[in-house]
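Here is a short walk through one protein chain.

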Amino acid sequence: MHDWPDSERRYFTVEDMIPYFRSRAKQKRICPKCHKAALTVEPTALNPNRAFDRCPKCHYSQTVTAPMAAQVPYDWMPPHRRTCKIIPFPRT
């Protein structure tokens, strides 16, 4: 149909994010503004080292950056869970 190149990988769900934000999503944190709902972690579109903390009730939003020790390169791809990577060894 189109000869467009493949679109750049985006981070759509928490499962696509780096382990720091997957761990943060499992923690129960209360909204600092309304104190009524738990914050959710939502990924940003292009940067795997940043995410949003959002409140579903009052729509509070804050950008969170992963600590330096947990950051990954910008071209990081989440590992595929259902496939394995076959490493070829040279023949001797």
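What is the mean pLDDT of the protein chain, and what share of its residues reach 70 or more? The mean is 81, and 78% of residues reach 70 or more. Here pLDDT is the predictor's confidence in each residue, from 0 to 100. This is a predicted model, in which local features need pLDDT of at least 70, side-chain atom pairs count only at pLDDT 80 or more, and totals for chains, interfaces and linings use all residues. Residues are numbered from 1 along each chain as its sequence is written, and side-chain values use heavy atoms, with hydrogens and water left out.

Among the elements, β3 has the highest mean pLDDT, 93. The lowest belongs to β1, at 90. Over residues 1-7, the pLDDT is below 50. Beyond near neighbours in sequence, that stretch makes 0 contacts in the model; a contact means heavy atoms within 4.5 Å. Where pLDDT is low, predicted coordinates should not be read in detail.

Now the layout. The chain has 1 helix and 3 strands. Along the sequence they follow the pattern α-β-β-β. These elements are DSSP runs, numbered from the N terminus: helices are H or I with at least four residues, strands are E with at least two.

Next, packing and surface. Of the 92 residues, 28% are buried. Buried means under 20% relative accessible area, exposed over 50%, and partly exposed in between (1.4 Å probe, protein chains only). Take the contacts between residues at least 6 apart in sequence: 48% of them join residues at least 24 apart. The chain exposes about 7,700 Å², an area from the Shrake-Rupley method with a 1.4 Å probe. Carbon and sulfur atoms supply 56% of that surface.

Most residues other than glycine have a negative phi. H35 has a positive phi, near 60°. H35 sits in the loop between α1 (19-26) and β1 (40-43). Is H35 buried or exposed? H35 counts as exposed because its relative accessibility is 59%. H59 also has a positive phi, about 65°, although it is not a glycine. H59 lies in the loop between β2 (50-54) and β3. Its relative accessible area is 65%, so H59 is exposed.

Finish at P73. P73 is in the segment after β3 (61-65). Its relative accessibility is 52%, so P73 counts as exposed. P73 and N49 are 24 residues apart along the chain, and their C-alpha atoms are separated by 8.4 Å.
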